Amino acid sequence: PQYRIVAADSRTKRDGRFLEILGRYNPLTDPSTIEVDNDKAVKWLRNGAQPTEAVAKLLEISGAMAEFKS
């Protein structure tokens with residue numbers, strides 16, 4: 001599996017429409033591949049986006065959460 005990291009409205013279905021693709025995650029590579037556009041992620045976090053627990057962990061790894069908190 002490969003996963004897209006997206007910004008989506010909370011009222012849409014889980015696999016429904018999204019607002020913007022922020023990155024992708026591939027857990028099958030060794031080590032796991034995480035590609036996140038930190039600028040876009042921080043923009044959405046500053047506008048009130050609430051990441052899921054899994055996405056929050058990925059954003060911690062990519063450094064976007066540290067940028068957001070500073």
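The following legends describe close-up views of a predicted model.

Local features require pLDDT of at least 70 and side-chain atom pairs pLDDT 80 or more, whereas totals for chains, interfaces and linings use all residues. Residues are numbered from 1 along each chain as its sequence is written, and side-chain values use heavy atoms, without hydrogens and water.

**View 1. The largest nonpolar core contains eleven residues.** Such a core is a set of buried Ala, Val, Leu, Ile, Met, Phe, Trp, Tyr and Cys residues joined through side-chain atoms within 4.5 Å. Buried means under 20% relative accessible area, exposed over 50%, and partly exposed in between (1.4 Å probe, protein chains only). Among the members are I5, L22, V36, A41 and M65. At least two residues each come from β1 (3-7), α1 (38-46), α2 (53-62) and α3 (64-69), and α1 gives the most, with three. Helices (H or I, at least four residues) and strands (E, at least two) are DSSP runs, numbered from the N terminus.

**View 2. K40 and E20 form a salt bridge.** This term denotes a side-chain nitrogen of Lys or Arg within 4 Å of a carboxyl oxygen of Asp or Glu. The closest N and O atoms of K40 and E20 are 3.5 Å apart. K40 belongs to helix α1 and E20 to strand β2 (residues 20-26), so the pair ties together parts 20 residues apart in sequence. K40 is partly exposed at 30%, whereas E20 is buried at 19% relative accessibility.

**View 3. R24 and E35 meet in a salt bridge.** The N to O distance is 3.2 Å. R24 lies in strand β2 and E35 in strand β3 (residues 33-36), eleven residues apart.
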